[in-house]
Amino acid sequence: MLSANGEYQSLDITETVVPVAANLPENEVTDTQLPVGTPTKFYGRYSDCMEMFAPAHRVVEYLNAHASWFSRCAEPMKVQPLGENGYALIIGRFGSFGYEVEPKIGLELLPPEDGVYRIRTIPIPDYQPPGYDVDYRASLQLQEDGSEITRVEWELDLVVCLHFPRFIQRLPKSLIQSTGDRLLNQIVRQVSRRLTRKVQEDFHTFLGLPFPGKFHK
């Protein structure tokens, strides 16, 4: 089960989520407001695993050939290749307080070192993120459980800095922080579940193996 600090709620990544009215009473606008121009940082640490019903060396072969499956498994996210190991992803449109953002990030899938796969953010050529910065650092390790099952265990450290417009910064910092943390957790939960399921299905199809029924839930 995916774990993180914060609560989760399901969402559709193609829709605006967590609608919160921005017209608060005047007595809610206090000294706890964000100074104008100050970026707000949201942070999450996550971990989970996915099971592959095959020996570890077959999983390694599949992961190393990410050019043949990553774009397909990332749908409905839009993906553009960036060099040999990189991809530009449009995650979806999200919003709160009447403010929306459509994150687009560059990720590089590094070759394994000592059995550890790492993913990190990279710049997207000729693209300047409008009002946000993302630092994505993930690692994956394979744990073979006998000869029939391989567990892909992963951890993710994610930092997002948002430069909110002035009307958002008039709100109390605690409200902005709690709503942003919840939204970040929702996005990670939705994307990770969908990507995990698609990779599992694609991997078993690639090997010509039946996909275990418990993953169809």
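Hello everyone, and thanks for coming. Two quick notes before we start. The model is predicted, so local features need pLDDT of at least 70 and side-chain atom pairs count only at pLDDT 80 or more, while totals for chains, interfaces and linings use all residues. Residues are numbered from 1 along each chain as its sequence is written, and side-chain values use heavy atoms, with hydrogens and water left out.

Let's begin with the overall picture. The protein has four helices and nine strands; helices (H or I, at least four residues) and strands (E, at least two) are DSSP runs, numbered from the N terminus. Along the sequence, the order reads β-α-α-β-β-β-β-β-β-β-β-α-α. Of the 217 residues, 44% are buried. Here buried means under 20% relative accessible area, exposed means over 50%, and partly exposed is in between, using a 1.4 Å probe and protein chains only. Among contacts between residues at least 6 apart in sequence, 67% join residues at least 24 apart, where a contact means heavy atoms within 4.5 Å.

Now, the cavity. Rolling a probe the size of a water molecule over the atoms shows where empty space is left. On a 1 Å grid over the protein atoms alone, a cavity is a set of points where a 1.4 Å probe fits but cannot get out, and lining residues have an atom within 4 Å of a point. Grid points are joined across faces, edges and corners, and a volume is the space filled by probe spheres set on the points. The structure holds one cavity of 30 Å³ or more, and about 50 Å³ of space lies in the largest cavity. Ten residues, 10 in number, line that cavity, and Ala 74, Met 77, Val 191, Arg 194 and Leu 195 are the closest to its centre.

Which helices each supply at least two residues of the lining? They are α2 (70-74) and α4 (173-207), and α4 gives the largest share, four residues. By type, the lining has seven nonpolar residues, one polar and two charged. In that count, Ala, Val, Leu, Ile, Met, Phe, Trp, Tyr, Cys and Pro are nonpolar, Asp, Glu, Lys and Arg are charged, and the others, Gly among them, are polar.

While we are on α4, please find Thr 196 in that helix. Is Thr 196 buried or exposed? Thr 196 counts as buried because its relative accessibility is 18%. A polar atom of its side chain lies 2.8 Å from the backbone oxygen of Ser 192. In the segment after α4 comes Pro 210, which is exposed at 67%.

Finally, some backbone details. Most residues other than glycine have a negative phi, and most peptide bonds are trans. The peptide bond from Glu 75 to Pro 76 is cis, with omega near 15°, and Pro 76 sits in the loop between α2 and β2 (78-82). Asp 114 has a positive phi, near 55°, in the loop between β6 (104-113) and β7 (116-122). Asp 126 also has a positive phi, near 60°, and belongs to the loop between β7 and β8 (132-145). Asp 114 is exposed at 82% relative accessibility, and Asp 126 is exposed at 86%.

That's my tour, thank you!

Notes: 1 Å grid on protein atoms, 1.4 Å probe; cavity = no way out; pocket = protein on both sides within 12 Å on 5 of 7 lines; lining within 4 Å. Polar contact = N/O pair within 3.5 Å; in protein donor to acceptor, adjacent residues only side chain to side chain.
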